[in-house]
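Good morning, everyone. Please have the sequence and the 3D view open while I talk.

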Amino acid sequence: MYPENFRYTKEHEWIHVEGDTGTIGITDHAQEELGDIVYVDLPKPGTHIEQGKSLGSVESVKAVSDVYSPVSGEVLEANALLADSPEKLNEDPHAAAWLVKVKLRAPAEVENLMTAADYQTYIGAEK
Amino acid sequence: MINKVRQHLSQNEALLFERSSPGKKAYQLPELDVPAVDAAEALGAENVRAEIEGFPEVSEVEAIRHFTRLSTWNYAIDHGMYPLGSCTMKYNPRINELVARIDGLAWAHPYQPEALSQGCMQVMERLELMLAEITGMDAVTLQPAAGAHGELTGILLIRALLEKRGNPRKKILIPDSAHGTNPATAAIAGYAVENIKSSSTGGVDLAALEGLVNEDVAALMVTNPNTLGVFEENIIRVAEILHRKGAMLYMDGANMNALVGMARPGDFGVDVLHLNLHKTFSTPHGGGGPGAGPVCVKKVLEPFLPTPRLKRSGKKLTFDYKRKNSIGRVKAFYGNFGVLVRALAYILAHGGPGLRNATMDAVLNAVYIRKQLEPYFDLPYPSPNMHEVVFSDDRQAKLGVRTGEIAKRLIDYGFHPYTVSFPLIVHGALMIEPTETEGKLELDQFIEAMISIAKEVETDPELVKNAPYGTRTSKVDEVTAARKPVLRWKPA
Amino acid sequence: MLDVCGAGSPEELFSHLPEAARLHRPLDLPPGISEYEIVEYFTRRAEENGIGYTSFLGAGVYRHYRPVLVDTVVSRGEFLTSYTPYQAEISQGTLTAIFEFQTMICQLTGMDVANASMYDGSTAVPEAAMMAVRATGKGRVLVAKTVHPEYREVLRTYARNQGMPVEEFGYVDGAGTLDLEDLERKMDDFTGAVILQSPNFFGIVDQVKAAAEIAHKRGALLVVIFTEAVSLGILEPPADADIVAGELQSFAITPSYGGPYAGIIATKEKLIRQMPGRLVGQTTDSRGNRAFCLTLATREQHIRREKATSNICTNQALIALMATVFMSVYGKLGLRELAEQNLAKSHYLAGKLTPRFSGKFFNEFVAKVGSPDAVNKALLKKKIIGGLPLGRFYPELADCILICATEMSRKGDMDTVGQVVQPAAATEAAEVLA
């Protein structure tokens, strides 16, 4: 369920790092909690984001959730698929429905994040 | 079994645009008694539009049938109990509609000379005085157009006073049980919002408040009784804690229907409050407005009230525009006068004793519902309730049925749902406010319906989850509406 | 019921309130009165306003005939006594009517989307300004002096605490239209909104296109305000605007001494999520039938709380319904004919007076009369309420009135105005010369 090569946050985001680039998304657990997602608000390329700060938001019919960035860096690309098909985030949160790709400013930040095993324990406890 | 409803004929009806045909009309203008003017010449050819594409073209009969058919798809107070908690859906007396339409009032222009506006101004003055007496406050502005608008006015008043004292301060404290308009208002008034957690009994946590109030806090916005329908037992202490640090107590008057004639905010330390005339004073909600949100203040805030202020000099009323400390206008003209007329009519009809009786009936009705439903639904905050009662769906949720689904099933029984999932401090809230309007018969039918649904949850949860069944429109797909917004009609 | 509640009297249900917080005396209000006495009371008040006057006041509030159908529809309890349509299954009447309203406002204004209405025109202005500021990320607002003065006051009240400096730009003295050079001079890269009104406060059709170019060149949005909705029956819609905000009082809403009215905000597709207020959208029900519901609610205060696009909670549904019925009754042909009648009447009246500006006007205009007070006093003797003296809002126009004629203005009364005003103006002119 939760890919081993991702790292996870307590706010239910994931990041997949390849070189100095990270792909960020929200977890399957997060989409499940939110219910039917109707809109995704993402930053423009070039935006500087900070670890732990909001980078955008995800909306269901009656709720808005901030997406907190797992790392600091500069946005390279926002997933265009989500503008027209926000439902993809419910269907494929760990692959096709990634949110943004970022150029990492401090790759060491990733070390603070949870592994897949940690995250599964974490959401198990949260329940 | 279900004794309030059976199936009823309900007409289909297309949109106006779909039932239009070229050349049809429902109007007749008089013959022009002056020479016609060439539009292109008078306005400039470049400023004259082509025909309004898609605009309706229907006959008078078609128009009235259209809107009448639409109307039959609505539930309304005139159909029966409308127990929306926090909304105070009480009966709207028709006499109020009649007097608001009296020519000399309805056709009064806001700029007609003051000498020809004395009647309107007297209505406003009388209402101001009566609202001041009802709330125990010193001065009232009738300008705000709605509750949220009154909130903004009230917070701007506080800001103006604190600014005058040298420091507008930075924060507004808001309990986590508050209406969403409170934080949104604070933000527009330029304040940061700090949430304050409710105590275990659902009220303002005094220790938490003591800890939070400092020189940065401008005010606490509190609803009293709060959104659980519970009177803030420590309200006087709350006011003291704030005042000691130079902060103000703002009261959201959404729940004044529990207090009129029994207790007055001005007597328990409130500095400023807004009223919702469309709740407490019976002006019709009309499917979502218009309302009116008068703001009542203590003397110290009076200099800051919006311009203009009504002023009496001898027998004459005038408007005072020269008020140097005023926050300015919050709305053009003087307020939603037509709504003010209706509210005054309501107060005059009831009189002092009548208003007090209405309050007692409103509370009696809510307590009665609580006592009857307590065996069937969980009551997370057992403090004595006033005009409304908040249950949680804990017991039903264990069987897979949530408050929203119970609410939809209530429709099949012929009632409008209660308020769903609010206040936020109650998980799965069912917020019920009967108002004084309901007699025992309607209350008992409601209680019977709620008990019946509670039993259905146990025996046949799927039945409840797929409700409603008896409505013309079945469960509406709100997800698609939000994902692919279609916000206007377009020709196919 | 008291037994069930375990109380001996209804008062006992209040016994948990702290003593000091309770009211220990009856309210100092008179006892209740009967229906008959209520009618009598308000009839008296109406009489004190003066009976039998004809009015030529406009200035944001207009006298238009109200088709009988309007009150017939809005008096139906199903519309009058229902709440905000949260429960879509039993609110399709209100929801469908609002969807039709939103559509008609789009058709009238040339915008892509309109909300379910605002409190009124004046409060729609700051809401539109805040929208533009959010969308552009630029805080400064430039507003034309020819926007309704009270609307500008409301804008200032809202703007003061939001780091939203508001500055004004002027009008051209001869034409009464926007001073585009002044606008260009005052534009900078921090300006998020340029706000103008057309027809402007002087009744003059203004230069929307030219102002749009100036605003857009510097990355600001153009907000166009209207106070006289009937003008949209004949005037080119302000399609170059990014946001249109206005007042619908002209659409079968009685003047009612200043309210309740209904405002609108309409905009382009790309700004939908910056919109304040309620929106109704089309969808289907579980049986596949067309249905409507409130939508995009995540913009609003009950979900986003302090981060909402506005603190507005509801709309003016019943008033918007009046406008909807009005638009249906007049329809495509009627709104045009109504506008043409207004145009004819105001131009007839203008022929009897001395217009102060040369700009093209719709149904009101500024007339130079010498002493507005003297003229209005003379008119009152003939049971006519004259125009609005402008000195209060524009000291430079202290010798002028803003006067309006609608389809309800009769030729005979306009002739009287002409007769009264011209000699008065002439007398004053003579006095000045002497």
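Let's start with one residue. B:T135 is buried, and its relative accessible area is 0%. The cut-off for buried is under 20%, so B:T135 qualifies. Keep in mind that this is a predicted model.

Where does B:T135 sit? Look at helix α5 of chain B, residues 118-135; B:T135 lies there. Its side chain reaches back to the backbone oxygen of B:L131, at 2.7 Å. Now set aside the neighbours within four places in sequence. What else is B:T135 in contact with? The list reads B:M256, B:R264, B:P265, B:G266, B:L273, B:L275 and B:C296.

Next, how chain B meets chain C. On the chain B side, 194 residues are in contact, and on the chain C side, 174. The size of an interface is often given as the accessible area lost when the parts come together. For chain B and chain C that area is about 15,800 Å². Carbon and sulfur atoms carry 64% of it. Which residues of chain B lose the most area to chain C? They are B:R49, B:W107 and B:L487, and together they account for 6% of what that side buries.

What about charges here? Side chains of opposite charge can pair when their charged atoms come close. Across the interface of chain B and chain C there are eleven salt bridges. One of them pairs C:D71 with B:R101, with the closest N and O atoms 2.9 Å apart. Which element of chain B gives the largest share of the side touching chain C? Helix α10, residues 337-373, with 24 residues. By type, that side of chain B divides into 113 nonpolar, 47 polar and 34 charged residues.

Now turn to chain A and chain B. Nine residues of chain A are in contact with five residues of chain B. The area buried between them is about 570 Å², and carbon and sulfur atoms give 50% of that. The salt bridge count between these chains is two. In one of them, the side chains of A:E87 and B:R483 meet at 4.0 Å, N to O. The chain A side that touches chain B has four nonpolar residues, one polar and four charged.

Stay with chain A for its sheet. Six strands form an open sheet, in the order β1-β2-β3-β9-β8-β5, with antiparallel pairing. β1 (7-8) and β5 (48-49) of chain A stand at the edges with a single partner strand each, so one side of each has no neighbour in the sheet. How many bridges join β1(A) to β2(A)? Two, and the strands run antiparallel; β2 covers residues 13-18. To find this pairing on screen, pick A:Y8: its bridge partner in β2(A) is A:W14.

Over to chain C. Is helix α7, residues 149-159, mostly covered or mostly open? Mostly covered: nine of its eleven residues are buried. Among them are C:P149, C:Y151, C:R152 and C:L155.

Hold on to C:R152. Its side chain meets that of C:E168 in a salt bridge, 3.0 Å from N to O. C:E168 lies in strand β4 of chain C, residues 166-169, and C:R152 in helix α7, so the pair ties together parts 16 residues apart in sequence. Both ends are covered. C:E168 counts as buried at 19% relative accessibility, and C:R152 is buried at 9%.

Other salt bridges in chain C stay within one helix. C:D182 pairs with C:K186, the closest N and O atoms being 3.1 Å apart. Both lie in helix α8, residues 180-186, four residues apart, or about one turn. C:D182 is buried at 9%, while C:K186 is partly exposed at 27%.

C:R336 and C:E340 form another such bridge, at 3.2 Å, N to O. They are four residues apart in helix α11 (317-352) of chain C, so about one helical turn separates them. C:R336 is partly exposed at 24%, and C:E340 is partly exposed at 34%. In chain B, salt bridges with shared partners link B:E13, B:R19, B:K24, B:E62 and B:R69 into one network.

Last number. How many salt bridges does a search of the whole structure find? It finds 67, over all chains.

Key
Residues numbered from 1 in each chain as written. Chains lettered and ligands numbered in written order. Predicted model: local features only at pLDDT ≥ 70, side-chain atom pairs only at ≥ 80, totals over all residues. Heavy atoms only, no water. Pairing = 2+ DSSP bridges. Contact = heavy atoms within 4.5 Å. Buried area = accessible area lost by both parts, 1.4 Å probe. Nonpolar A, V, L, I, M, F, W, Y, C, P; charged D, E, K, R; others polar. Buried < 20%, exposed > 50% of the residue type's maximum accessible area, 1.4 Å probe, protein only. Polar contact = N/O pair within 3.5 Å; in protein donor to acceptor, adjacent residues only side chain to side chain.
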